[in-house]
Amino acid sequence: MHERLMPQSYALRSPVKAGSEKPLLVCFSHLRWDFVWQRPQHLLSRAVKHYDVMIIEEPMFKAGATPHMDVSDRPQGVTIAVPVLPEGLSHEDILAEQHDLIEELIGREAKSPRVFWYYTPMAMAFTSDLECDLCVYDNMDELSLFRGASQELLDLESALFARCDLVFTGGMSLYEAKRHRHRSVHGFPSSIDFHHFSQARSIDKDPDDQAQIPHVRLGFFGVVDERMDIDLLAEVADLRPDWQFVMIGPVVKIDPSTLPQRPNIHWLGGKSYNELPHYLSGWDVGFMNFALNEATKFISPTKTPEFLAAGVPVVSTPITDVVRPYGEKGLVEIAKDAKDVVAKVELILARPKEAWLAKVDRHLAAGSWDKTWASMHKLMLDVTGDTTADRPAPSLPVYATTPAE
C-alpha cells in the first residue's frame, strides 16, 4: 500500500449550505450526474426541496494528482463531489483514499440529521463505518447481471441490505426478485416528466442532423451498451431498407466498431435531455430493441413512458416490465423477432392514432416523478419518525402511483 497523503483541503468545503436547516442527503452513485438524464437525476433534483443533496461519484484518475475531492454545484440545486486520485493505485488504496476523502468532507459521525442514499453497493466498501440517520438503497438495476460484475458486488449488496432501512426498486420485476431480501422493499417503476416530453407533439422543426433523414423513421434514445440487440437492428434494417433508423445515445462498454453500419441506420451520438423532444417529434415509431439477456432481465426502461408522452408509438422486444403493463394494455406493441418488428410497425403506421393516444394519456395521467418522489419521501419520514412516531416501516410493498403500475 502506498503512503497515503493528506487530502488537499482547498477543494473541500462544508457539504451543508450556509444557513440551511435542511438535513443532508448524501448519494453514492456509479453514474455521472452529467451523463444521461435518468432516474437519479429525476429523483434527486426533486429531493432538493427537502434536503441538501450531495452526490459522491466514482473517482477520476489523473497522473501525479494529490488525492482531493473536486466539489461543484449544478443548476438543479445538487452538489457533485468527485474523488480525484493518482493513477496506478491498488484496489485497496483506491478504497482507502475514497474513505478518507469522504470522511474529511462529511465527517464520520452525523452531527446533524443525514441520509445515505445508495445507487451502488460498491460504495459500502468505503462508507460502512460512517454514520447516518437513514439509509436508502434505490436499486434501479440488477447490477450483478451487468457485464463485468464481480462477486465483491454481490457481497457488498448483501451488506447494504443488512444496513439499509428502505429498499426501492426501479421496476416491478426487480421488486419481485428482491422483496424477500429485506423487511421493507417498495416497487417504484420508471415514471414520466410528461410536460417535458409532450413538447414533442407540437414541435414541427427537425434538428439539423435529422432534417435530411427521410421517413419512415424509427428512433431509439438511451445508452447504447450490451442491453441493445444490435443484430435485431441490423436484421430489421435489412428487411426494410426504405425505413430509417435514428439511434441516439452514447456508446458504453461495447466496441463502437461492432455497431451495424447501413445506409438507413443513423448513429447520431448523445444528445442532451432538453434536445430529446426535438428529435422525438420527427419519429414515426419508437424502437426499443433491447436484447433478452441477463443485463435486461429486470430493467424497467424509463424511455417507455417518455416515448408515449411524446406521442410516439412504440415497438419493443418482450422486456417483462414493458409487457406488463404497457403491452398488456395495448399501449406498446411487443415483437419477438425482426419479422415481427416489421409487422408491428406496419400495424402502427396503418392504424388511426387518435384513439391510441387518448388511451396513452389516460394512463400517463396517473403518475409523475413528483408523485414518485413524494411517495418515497413519505416512507423515509415514516422510518425516521418525522410523521407518525414509533411506527415501524411497513412490511408490505408500497407502490408509487406511476405510469408503470
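Which backbone oxygen does the side chain of Thr127 reach, and at what distance? In the predicted model examined here, the side chain of Thr127 reaches the backbone oxygen of Ala123, the separation being 2.7 Å. Thr127 belongs to helix α3, which spans residues 124–127. With a relative accessibility of 0%, Thr127 counts as buried, because the term applies to residues under 20% relative accessible area. When neighbours within four places in sequence are left aside, the residues in contact with Thr127 are Phe28, Ile102, Phe116, Tyr118 and Arg163.

The protein chain as a whole contains 14 helices and 15 strands. Of its 405 residues, 55% are buried, Thr127 being one of the residues that count as such. Among the contacts in the chain with a separation of 6 or more, 71% are accounted for by residues 24 or more positions apart.

Two pairs of helices were examined for their packing. Packed helices are described by the angle between their axes together with the distance between those axes. For helix α1 (residues 39–47) and helix α14 (residues 369–384), the axes come within 10 Å and cross at roughly 65°, which means that α1 is roughly perpendicular to α14. The crossing of these two helices, α1 and α14, is right-handed. On the α1 side the contact involves Arg39, His42, Leu43, Arg46 and Ala47, which meet Trp369, Asp370, Thr372, Trp373 and Met376 on the α14 side. Divided by class, the residues of the contact between α1 and α14 comprise five nonpolar, two polar and three charged.

Helix α8 (residues 230–239) packs against helix α12 (residues 338–350) at an angle of about 60°, and the two axes lie 9 Å apart. The arrangement of α8 relative to α12 is therefore oblique, since angles from 65 to 115 degrees are those that count as roughly perpendicular. The crossing of α8 and α12 is likewise right-handed. From α8, the contact is made by Leu232, Glu235, Val236 and Leu239, and from α12 by Ala338, Lys339, Val341 and Val342. By class, the contact of α8 with α12 holds six nonpolar and two charged residues, with no polar residues.

Although Pro250 and Phe35 are 215 residues apart in sequence, their C-alpha atoms are 8.9 Å apart in space. Phe35 is also one of the residues that Pro250 touches, not counting residues up to four places away in sequence, and the others on that list are Val36, Gly222, Val223, Val224 and Gly270.

Along the chain, Glu21 and Tyr51 are 30 residues apart, and a distance of 8.7 Å separates their C-alpha atoms.

Key: Residues numbered from 1 in each chain as written. Predicted model: local features only at pLDDT ≥ 70, side-chain atom pairs only at ≥ 80, totals over all residues. Heavy atoms only, no water. Axes fitted to C-alpha atoms, helices over the stretch in contact; angles between N-to-C directions. Helix = DSSP H or I, 4+ residues; strand = E, 2+ residues; numbered from the N terminus. Parallel < 35°, antiparallel > 145°, perpendicular 65-115°, else oblique. Left-handed = near helix turned anticlockwise from the far one by under 90°. Contact = heavy atoms within 4.5 Å. Nonpolar A, V, L, I, M, F, W, Y, C, P; charged D, E, K, R; others polar. Buried < 20%, exposed > 50% of the residue type's maximum accessible area, 1.4 Å probe, protein only. Polar contact = N/O pair within 3.5 Å; in protein donor to acceptor, adjacent residues only side chain to side chain.
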